[in-house]
Amino acid sequence: MSKHEQNGVCCEQAAAIRLEDGSCPPPHQTDHAHAECSCGHDHNHTHSHDHPHTHHEGCGCGLDHDISLESCDDGCGHDHDHPEGKSAWIAIFAAAALACLSFLPVPTFVSNLLLAAAALLAGFPLFWAGLKNILRLRLDETALLLIAVAAAMALGEFWESALVTILFRLGNQLESLAVARSKKSIASLTKIRPETAYLLREDGSYKEISAASVSVGSQILVKPGDRVPLDAVVLSGESMVDTSMLTGESLPCQAGPGQTLLSGTINKDGALFCRTINTFSDSAASRIIHLVQESSAKKGNTEKLISKFSKIYTPCIILSAILLTFLPPLFHMGPISMWLDRALVFLVASCPCALVISIPLSFFAGIGAGSRRGVLVKGSKSLEALAKTSYAVFDKTGTLTCGKLSVDDIVPLVDGISADELLRLCAIGESFSSHPMAQAVVSRYGTVDSSSVSSYQELPGMGVSYQMGEDQYLCGGDRLLAKQGIDTSSLPYANIYLSKNGVVLGYLTVADALREDAKQALAQLKDLGVKKTVILTGDNAETAEKIRRESGADQVWAQLLPADKVAHLEQIKQNGSTLFVGDGINDAPVLAMADVGVAMGLGTDAAIEAADVVLVSDRLSDLPEAVRLSRRTLSIAKCNILFSLGIKGIVLVLGACGLAAMWMAVFADVGVSILAVLNATRILRVKKK
């Protein structure tokens, strides 16, 4: 094997591949991801809106709790962990060392100084944040910590104040690591867009330039191991391509001349010479990045509830701690020092960090897990609605069906003519037409010899008329035959009839084939508890009913205009939460009206904009998987809420009764937070069924 062939480029191609300096392109490491063939559709789409990204609020513990892809989308390669980095760990270990030194046989005031220094060293950033928040009248977790530590020192409990601060800071660092790992895992979904492209120059060489500056119609080179920078059509060259980051599939496919390549796919082993069909911002990778970034900015009802809860919760906790300190002594129920101790435990245990971190992280992880499977969900609100789906409504053409016509039945009606002969005669007449039905007939037959045709006429919307020898043929719908006085009322319904000199020889039925996974997808939705599956289509009743039977749908409404689809969906919505799946421009109004609009593929601008969920892989079987994942996400989020509130509630009651030690309070805050975060990240490890 030659050197060029080892690099995935054949010798003939190598002669044409020259960089600006005249050298051959360097070999590239192949990205060993998995892939799937692109669907072959022309995914021309524009999505270049800028959206503001909301950030995490409600917890001022000093951690970077920004659950947003935008914060990690700069490609800098840095570790976006806790903003203090290694210095935080140094401070924690140094504080722990000072606390240990306090056990030496030294005077009490020296021991107290060591413990105070340990608390200050470990908790300074938290104390400073708490002081600023108190001055701003924003009572949050850092404010609770500052009040608790200051009160403990005032009572001479220096060991407790140091222990709480060190454990608090340690727990925050562990939380930060868990959150950072989740963010890094999900943010990798947006690293699918190469920033440069090899552009063909006038002298025949290829220059590496910014992909954003490449215009539509330009010729580019995609080298082995490179990602496709812009949506393009292959002009020459063959290679296996990897589309796993777009579709979630693991199977590679062969790419060759005429095939559309979406940006973000990986060229694995051969050079591909392509012509761009979209700009950098309008290509598939850019659209996916926009969709994923948008998803982190749209909060659902659960997230909004937690944000509101945390703003009310903290002031109430501080007020309760104050009442717990001073109210019982007024009724001679014990000294104020005893109740102050209990109030400190109460304050530490009450911090709401577990809720305000883990709940957004749960939804963010669910959105990230869906993206890995080729399912883009636009925010936690859509994820919640998807989990509550009761009625699944589908468009027919391009959604339940493949969107490509094929010949289903060939039925001769007279003796002496076979099905093959009937198909041949129809193919001869249809070979002159560019109508989709005509092309389906020709495709079914193969190579057509039309040299015997002496005259030909196409009648738009009806069919064709042609003559061979002394015989006159009509090939088309019943309207064409009726125009020539031929009665078809006694014949079965068909798309194409063939008559010879006024006698009907037979008929063909042409239909859009059902997707291979459609029946399975609808059955799985029913297994997941979806009450009813409905088809809304503009097609004729006979074809629509045939697709309903084949797919296993419960009901079908045919011959509908876009406005009719909206009216029917509005009626269905009165019975429960609805999901509508479509792919065309005419589906946009229905997608927008449904509780959850699902768009197939990346093809139609209007459908993508109106939809809440996008099935990037264009596979209907991903829909039940998306419903299953959304329900698991919602279940984990609810589990975190109940677990956090339950543990805190128990420790708060025990603390108020004097039955809880400080370590229990620290666990109710820091320990519960860590467990809730780890529980949320389990969603990322859910395997596809």
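Start by selecting Gln559, in the loop between β19 (555–557) and α19 (562–573). Gln559 counts as exposed because its relative accessible area is 57%, above the 50% cut-off. Check its backbone too: phi is near 55 degrees, a positive value in a residue other than glycine. That deserves a second look, since most residues other than glycine have a negative phi.

Before moving on, remember that you're looking at a predicted model. Colour it by pLDDT. The protein averages 79, and 78% of the residues score at least 70. Now select residues 1–83, where pLDDT stays under 50. The model still has 218 contacts beyond four places in sequence for that stretch. Among the elements, helix α2 (residues 11–16) has the lowest mean pLDDT, 35, while strand β11 (residues 391–394) has the highest, 96.

Next, go to Asn501, in the loop between β16 and β17. Asn501 isn't a glycine, yet its phi is positive, at about 55 degrees. With a relative accessible area of 45%, Asn501 is partly exposed.

Jump to Arg193, in the loop between α6 (158–187) and β1. Arg193 counts as partly exposed because its relative accessibility is 25%. Show Ala285 as well and draw a distance between the two C-alpha atoms: Arg193 and Ala285 are 5.6 Å apart in space, although 92 residues separate them in sequence.

**Along the β1 strand**

β1 has another partner to show: strand β3 (residues 219–222), paired in the antiparallel sense over two bridges. Here, select Leu199 and look opposite for Ile220 in β3.

**A sheet of three strands**

Now bring up β5, β6 and β8. They make an open sheet in the order β6-β5-β8, with antiparallel pairing. The edge strands, β6 (253–255) and β8 (266–267), each pair on one side only. Strand β5 (residues 239–242) is joined to β8 by two bridges. Pick Val241 and you'll find its bridge partner in β8, Asn267.

**Two helices with buried residues**

Among the buried ones are Leu383, Glu384 and Leu386.

Then go to helix α13 (396–400) and pick out Thr399. Thr399 counts as buried because its relative accessibility is 0%. What does Thr399 touch, leaving aside residues up to four places away in sequence? Its contacts are Phe394, Arg515, Val581, Gly582, Asp583, Met600 and Leu620.

**Around the largest pocket**

Which residues lie nearest the centre of the largest pocket? Select His435, Met437, Gly461, Asn495 and Ile496 to find out where to look. The pocket has a volume of about 570 Å³ and is lined by 30 residues. By class, the lining has 13 nonpolar, 10 polar and seven charged residues. Several elements each supply at least two lining residues, including α13, α16 (478–483) and β15 (471–476). The largest share, three residues, comes from β17.

One contributor to follow is α15 (436–445). In this helix, Ala438, Ala440, Val441 and Val442 are buried. Show β12 (401–412), α14 (419–430), β16 (496–500) and β17 alongside, and you'll see what the buried residues of α15 pack against. Just after the helix, Gly446 takes a positive phi of about 110 degrees.

End the tour with β13 (453–459) and β14 (463–468), which also supply residues to the lining. Six bridges join these antiparallel strands, and Leu459 stands opposite Gly463 in β14. The two strands form a hairpin with three residues between them. In the turn sits Gly461, with a positive phi of about 80 degrees. You've already met Gly461 among the residues nearest the pocket's centre.

Technical notes:
Residues are numbered from 1 along each chain as its sequence is written. This is a predicted model: local features need pLDDT of at least 70, side-chain atom pairs count only at pLDDT 80 or more; totals for chains, interfaces and linings use all residues. Side-chain values use heavy atoms; hydrogens and water are left out. Two strands pair if DSSP finds at least two bridges between them. Helices (H or I, at least four residues) and strands (E, at least two) are DSSP runs, numbered from the N terminus. On a 1 Å grid over the protein atoms alone, a cavity is a set of points where a 1.4 Å probe fits but cannot get out, and a pocket is an open set with protein on both sides within 12 Å along at least five of seven lines; lining residues have an atom within 4 Å of a point. Grid points are joined across faces, edges and corners, and a volume is the space filled by probe spheres set on the points. Ala, Val, Leu, Ile, Met, Phe, Trp, Tyr, Cys and Pro count as nonpolar, Asp, Glu, Lys and Arg as charged, and the others, Gly among them, as polar. pLDDT is the predictor's confidence in each residue, from 0 to 100. Contact means heavy atoms within 4.5 Å. Buried means under 20% relative accessible area, exposed over 50%, partly exposed in between (1.4 Å probe, protein chains only).
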